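Subject: Structure handover

Hello,

Here is the structure for your files. My notes on it follow below.

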Amino acid sequence: MSRKMAPRLNGSRYVGLRRYLLTICTFHRTHALRKDPVVESVLMQLRQRAIDHRFAIHAYCFMPNDVHLLLEGLSDSSDLRRFIHDWKRRTTDEYRSTTGGDLWQRGHVDHVLRPEEDADFVKRYVLGTPVRAGLVAHVKEYRYAGSD
């Protein structure tokens, strides 16, 4: 039985001055994001691609088999799909060169925040992921979560 992908919004909903909550899973949900060098490299690429594509990273949390992001487009031309595609391609190429494997599953889960949605609440939600997962008792104890 094949799983159907969630329907995507009109492409224009992913361009411009919008805020997004994303979850992106590792390939076959492997625990590829549990080692410092991998997470540091993927985070560095995320920061660079955010600059290149004009996005702010309000919060991130790298769990062993997925990443949660709160992003915001900073210009009318900020294109979420291009940004994520570029970031995933570059990080997969780098990961593949050292491990021989793929890093990310195809696609991602996204939520376009409405203007009335509280971005600070969403940020706390993202940063609190490792506490809810039982990995740490307090957010500050988790080294792979933060905000820029």
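A crossing is called left-handed if the near helix is turned anticlockwise from the far one by less than a right angle, and right-handed if clockwise. Helices (H or I, at least four residues) and strands (E, at least two) are DSSP runs, numbered from the N terminus.

The model is predicted: local features need pLDDT of at least 70, side-chain atom pairs count only at pLDDT 80 or more, and totals for chains, interfaces and linings use all residues. Residues are numbered from 1 along each chain as its sequence is written, and side-chain values use heavy atoms, with hydrogens and water left out.

Helices: α1 (residues 36–53) and α2 (residues 80–99) cross in the right-handed sense. Their axes (lines fitted to C-alpha atoms, for helices over the stretch in contact; angles from 0 to 180 degrees between N-to-C directions) come within 9 Å and cross at roughly 150°. The residues in this contact (heavy atoms within 4.5 Å) include V38 and L46 in α1, and F83 and W87 in α2.

Sheet: the 5 strands form an open sheet in the order β4-β1-β3-β2-β5, with antiparallel pairing (two strands pair if DSSP finds at least two bridges between them). Because β4 (109–112) and β5 (145–146) are at the edges with a single partner strand each, one side of each has no neighbour in the sheet. Between β2 and β5 there are 2 bridges, and C61 is opposite A145 in β5.

Regards
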